[in-house]
Amino acid sequence: MTIEEISATSLSGRQIECLYWAAQGKTSNETAMILDLSVFTVNNHLREAAIRLNAANRTHAVAMALRLGMICVAVTLGSVAPMSDLCGTS
């Protein structure tokens, strides 16, 4: 699968949210609490995102999502900036 094919892959909003929190270093349990989901559902979203991105595992899926601009993260002085500040979206 080429980068162009992966870029065209659509991920659900929940899959992107789960990848975002994984990129922030959150466990599946922490992500489940943040998003008010079950741990099973979070793991399912991460697994499906990895499949759609043709990634080997969740870490690889996070790296690919970051590289493709599907998620944005930045750490400044130990705090996380809002998504709108990071990605230039409103």
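Start by selecting His-45: leaving out residues up to four places away in sequence, it touches Arg-14, Gln-15, Cys-18 and Leu-37, where contact means heavy atoms within 4.5 Å. His-45 sits in helix 4, residues 39-52; helices here are DSSP runs of H or I with at least four residues, numbered from the N terminus. At 17% relative accessibility, His-45 counts as buried, a word used for under 20% relative accessible area, with exposed meaning over 50% and partly exposed in between (1.4 Å probe, protein chains only).

Before moving on, note that this is a predicted model, in which local features need pLDDT of at least 70 and side-chain atom pairs count only at pLDDT 80 or more, while totals for chains, interfaces and linings use all residues. Residues are numbered from 1 along each chain as its sequence is written, and side-chain values use heavy atoms, with hydrogens and water left out.

Next, select helix 5, residues 58-67, and colour its buried residues: Ala-61, Val-62, Met-64 and Ala-65. They lie on the same side of helix 5 because they cover an arc of only 165° around the axis, taken from the directions from the helix axis to the C-beta atoms. Turn to the face away from that buried side to find exposed Thr-59 and Arg-67.

At the start of helix 5, look for a side-chain oxygen of Asn-57 within 3.1 Å of the backbone nitrogen of Thr-59. Just after the helix, Gly-69 has a positive phi of about 75°.

Finish with Ile-71. Setting aside neighbours within four places in sequence, its contacts include Ile-16, Leu-19, Tyr-20 and Val-62.

How values were computed
Helix = DSSP H or I, 4+ residues; strand = E, 2+ residues; numbered from the N terminus. Polar contact = N/O pair within 3.5 Å; in protein donor to acceptor, adjacent residues only side chain to side chain.
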